[in-house]
Number of protein chains: 2
Amino acid sequence: MHKVAVVGVGCTKVGELWDKSLKDLVVESATKALNDAGIEKVDVVYVGNAYSQILQSQGNLGSLIVDSLGFNGIPAISIEAADSSGSLAFHEAYKAVRLGLANSVLVVGVEKMSDSTPEEVAKALMACEDQDYVAFTGVTQAGLHALVLRLYMERFKVKHEDIAMFTVKAHKNSLNNPYAQFKNPLSVEDVLKSPILADPLRLLEYTAIADGSAALVLCSLEEAKKIASKPVVKVLGSASATDKFYLPERIESLTFNATVKAAKKAFQEAKISINKVDFIETHDNSTIMGVISIEDLGFTKKGEGAAFIAEEEIPVNTMGGSKGRGHPIGATGVYQLVEAVWQLRGEAGKNQVKGAKIGLTHILTGIGNLASVNILGCL
Amino acid sequence: MHKVAVVGVGCTKVGELWDKSLKDLVVESATKALNDAGIEKVDVVYVGNAYSQILQSQGNLGSLIVDSLGFNGIPAISIEAADSSGSLAFHEAYKAVRLGLANSVLVVGVEKMSDSTPEEVAKALMACEDQDYVAFTGVTQAGLHALVLRLYMERFKVKHEDIAMFTVKAHKNSLNNPYAQFKNPLSVEDVLKSPILADPLRLLEYTAIADGSAALVLCSLEEAKKIASKPVVKVLGSASATDKFYLPERIESLTFNATVKAAKKAFQEAKISINKVDFIETHDNSTIMGVISIEDLGFTKKGEGAAFIAEEEIPVNTMGGSKGRGHPIGATGVYQLVEAVWQLRGEAGKNQVKGAKIGLTHILTGIGNLASVNILGCL
């Protein structure tokens with residue numbers, strides 16, 4: 001079994017990219033990743049995308065993308081798990097390289113949302129929830145996040161201001177990310193004065209509609225050492241897990257067991273302890289999801305996630321996370337990995353975490369029914 | 001690296017199953033496969049589905065299905081490649097077992113089409129084609145198949161009667177398949193007198209709207225030998241490939257290179273020659289696709305696919321294929337594998353191929369932009 005390394009990364013700017021199609025976005029990110037790796041072709045392409053079937057009526061993305069990139073004939077696998085799509089695509093690609101079935105693999109995450117109306121996007125975002133038991137009520141994702149936020153504040157006696165701090169930190173970090181959707185600093189007051197999406201969740205606590213694509217190239221560690229002109233980033237662990245699909249069926253609503261399980265498995269595989277992690281790229285499609293995720297990953301106790309982030313015990317979402325960098329849903333998992341590689345190579349610019357050797361990425365689907373955790377290292 | 005075996009199979013009846021939801025279908029097929037394997041749980045679930053996002057607004061199927069089956073917490077991966085979805089899900093599951101990442105894996109293919117209008121289904125079926133260059137013209141899948149059929153008949157001087165024979169054979173075989181959608185024998189005359197879908201393609205040359213789910217359980221060969229109460233079916237080869245996405249961009253319109261490449265790789269991996277294959281479960285969402293596929297797989301020369309099937313040189317689509325058994329799109333690849341296992345175990349009833357030791361399954365997406373080939377054996 002091979003060890004696996006990331007040898008190339010690339011991404012598009014995140015935002016409302018009116019002049020770029022889904023294929024344009026993929027070609028841009030993939031070309032950057034291939035150039036970064038210094039290779040011209042790969043053996044397989046794995047695609048992570050959440051909503052192209054709903055928003056563009058476009059399915060069969062794997063084959064479409066292989067052709068758009070001019071890679072005639074190679075296998076393509078397209079994976080969908082809403083927000084986790086890109087991270088699961090990475091996970092499957094990682095397996096293919098470990099097994100030696102492919103010398104080099106391209107992973108592409110892509111989402112094109114801005115051509116659709118906000119109503120169409122809101123409906124698409126609910127596709128990851130059970131249509132028979134949840135979506136039919138008309139509740140939106142923001143509505144579900146609001147329920148969790150309210151319960152969290154009551155249970156743990158945490159103030160909304162402290163949770164809103166998540167957005168402030170995100171926008172502070174995205175200021176220095178050339179690919180970020182948002183470049184405006186925000187105060188806690190700005191966040192809490194913004195319109196209510198679903199009480200108590202505010203507009204500025206939630207991610208915006210965005211287009212974007214991120215890509216990376218994987219190959220075996222042996223091969224990476226031969227071809228790499230930059231520090232070689234290893235994949236130390238990659239795992240995913242699920243949870244009861246329907247939030248009210250879970251015994252505990254404020255701990256997402258999918259995260260707990262995926263993190264445990266990823267750390268076991270990486271054979272490192274959590275205190276070795278130098279920075280965290282965590283799921284944060286709303287402030288409360290970011291706070292809960294930091295706790296579930298094991299970095300701090302329940303109820304203390306917001307304080308952990310405020311005190312910057314470990315750098316979190318160093319390039320702005322989903323709130324600041326933007327959240328092109330199926331691509332976000334790959335953006336996290338691309339940003340982690342920048343940190344580990346020392347290419348993260350003004351937001352560089354000094355001496356970063358190990359980084360963790362984490363993403364959730366919906367209200368935590370699926371989670372994926374990856375641990376990368378440059379040792 | 002482990003060798004891999006199929007230790008359990010199951011499926012629902014194919015048809016317009018008005019009283020069954022997508023989840024009901026999955027639970028039925030998966031429960032049958034698990035019971036057949038004699039095991040209660042698996043380590044991972046791979047899901048193949050084409051159109052639940054479009055037809056049911058339901059995404060994130062992996063996690064949903066894990067929960068529906070009561071497998072709380074295990075990883076789930078959902079793969080989409082239109083008709084090839086189920087076969088690619090099998091391919092990824094196969095990799096996971098080979099790598100030793102999972103002891104046992106459940107593969108489920110599912111599609112629920114009958115709750116949607118024919119117009120909705122026709123639109124969904126075009127999701128696997130390029131929205132920017134093909135689907136926007138308003139052409140349907142049947143329209144594309146008709147173009148290929150006309151060109152084929154002209155180029156190879158093959159009569160429509162000979163191609164229509166594919167349907168006749170399919171309905172003859174599905175008569176004895178208890179899970180088949182169609183149980184009515186048809187003559188060539190019936191087929192050619194049926195309404196025109198898109199000239200020259202007739203209604204009875206094309207598959208119908210159908211619901212269905214098929215499932216199978218994979219584990220390592222060592223484990224299979226321990227637990228199996230039935231003949232152990234080995235996975236000898238599993239491969240996929242792509243082609244130029246847009247039919248007119250290909251140099252050759254009547255040879256689908258994705259099939260040629262995938263078959264070549266699968267045979268190389270299986271280390272067997274094509275004359276060892278005892279039966280073929282091939283793609284046949286229209287008569288012409290079945291005929292071309294037999295040729296592209298290498299069983300006969302170009303222009304002779306129809307004659308090959310008429311002469312029954314090797315049994316083809318022994319349980320009725322997509323035309324007779326039915327074509328619940330994302331599930332069909334798994335149905336083919338389930339039927340191949342029945343043949344190899346000697347459980348195929350009246351349609352049993354005597355002494356069958358090696359079977360091949362093949363499926364295409366759209367007009368051949370992606371193909372997947374699997375070779376199973378009971379040696």
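1. Let's start with A:Leu297, which sits in the loop between α11 (287-296) and α12 of chain A. Bear in mind that this is a predicted model. Is this leucine buried or exposed? A:Leu297 is buried, because its relative accessible area is 4%, and the cut-off for buried is under 20%. Leaving out residues up to four places away in sequence, the list of residues that A:Leu297 touches reads A:Thr259, A:Ala263, A:Phe267, A:Ile274, A:Ile280, A:Thr282, A:Leu360, A:His362 and A:Val373. One of these, A:Ile274, is 23 residues away along the chain, and its C-alpha atom is 8.9 Å from that of A:Leu297.

2. Most residues other than glycine have a negative phi. A:Lys157 is not a glycine, yet has a positive phi of about 50°. You'll find A:Lys157 in the loop between α6 (141-156) and α7 (160-174) of chain A. A:Asn317 also has a positive phi of about 50° and is not a glycine either. A:Asn317 belongs to the loop between α12 (305-310) and α13 (321-324) of chain A.

3. Now the prolines. Most peptide bonds are trans. Which bond is cis in chain A? The one from A:Asp199 to A:Pro200, with omega near 5°. A:Pro200 is placed in the loop between β5 (196-198) and β6 (201-202) of chain A. Chain B has a cis bond from B:Asp199 to B:Pro200, again with omega near 5°. There, B:Pro200 lies in the loop between β5 (196-198) and β6 (201-202) of chain B.

4. A:Gly59 is worth a look if you care about where the chains meet. This glycine is in the loop between α2 (52-55) and α3 (61-68) of chain A. A:Gly59 is buried, with a relative accessible area of 0%. What does A:Gly59 contact, neighbours within four places in sequence aside? A:Gln53 from chain A, plus B:Glu80 and B:Ala127 from chain B. As for A:Ser78, which is 19 residues from A:Gly59 along the chain, the two C-alpha atoms are 9.1 Å apart.

5. On to the interface as a whole. The size of an interface is often given as the accessible area lost when the parts come together. Here chains A and B bury about 4,500 Å² between them, and 47% of that is on carbon and sulfur atoms. On the chain B side, B:Gln53, B:Asn60 and B:Leu99 supply 15% of the area that chain B buries against chain A, more than any other three residues. How many residues take part in the contact? 56 from chain A and 56 from chain B.

6. Over in chain B, B:Phe308 is part of helix α12 (residues 305-310). B:Phe308 counts as buried, at 2% relative accessibility. Apart from residues up to four places away in sequence, B:Phe308 touches B:Ile280, B:Ile294, B:Phe299, B:Thr300, B:Glu313, B:Ile314 and B:Val316. B:Leu144 is 164 residues away from B:Phe308 along the chain, and their C-alpha atoms are separated by 24 Å.

7. Finally, chain A in overview. Chain A has 14 helices and 11 strands. Its radius of gyration is 19 Å, close to the 21 Å from the globule rule for 379 residues, so chain A is as compact as a globular protein of that length. The C-alpha trace of chain A spans about 55 × 45 × 40 Å along its principal axes. Of the 379 residues in chain A, 68% are buried. Among chain A contacts between residues at least 6 apart in sequence, 77% join residues at least 24 apart.

8. The accessible surface comes to about 12,700 Å², with 53% of it belonging to carbon and sulfur atoms.

How values were computed: Residues are numbered from 1 along each chain as its sequence is written. Chains are lettered from A and ligands numbered from 1 in the order in which they are written. This is a predicted model: local features need pLDDT of at least 70, side-chain atom pairs count only at pLDDT 80 or more; totals for chains, interfaces and linings use all residues. Side-chain values use heavy atoms; hydrogens and water are left out. Helices (H or I, at least four residues) and strands (E, at least two) are DSSP runs, numbered from the N terminus. The radius of gyration is taken over C-alpha atoms; the globule rule is 2.2 Å times the number of residues to the power 0.38. Buried means under 20% relative accessible area, exposed over 50%, partly exposed in between (1.4 Å probe, protein chains only). Contact means heavy atoms within 4.5 Å. Accessible areas come from the Shrake-Rupley method with a 1.4 Å probe; for residues, only the protein chains shown count as cover. Buried area is the accessible area (1.4 Å probe) that two parts lose on being put together, summed over both.
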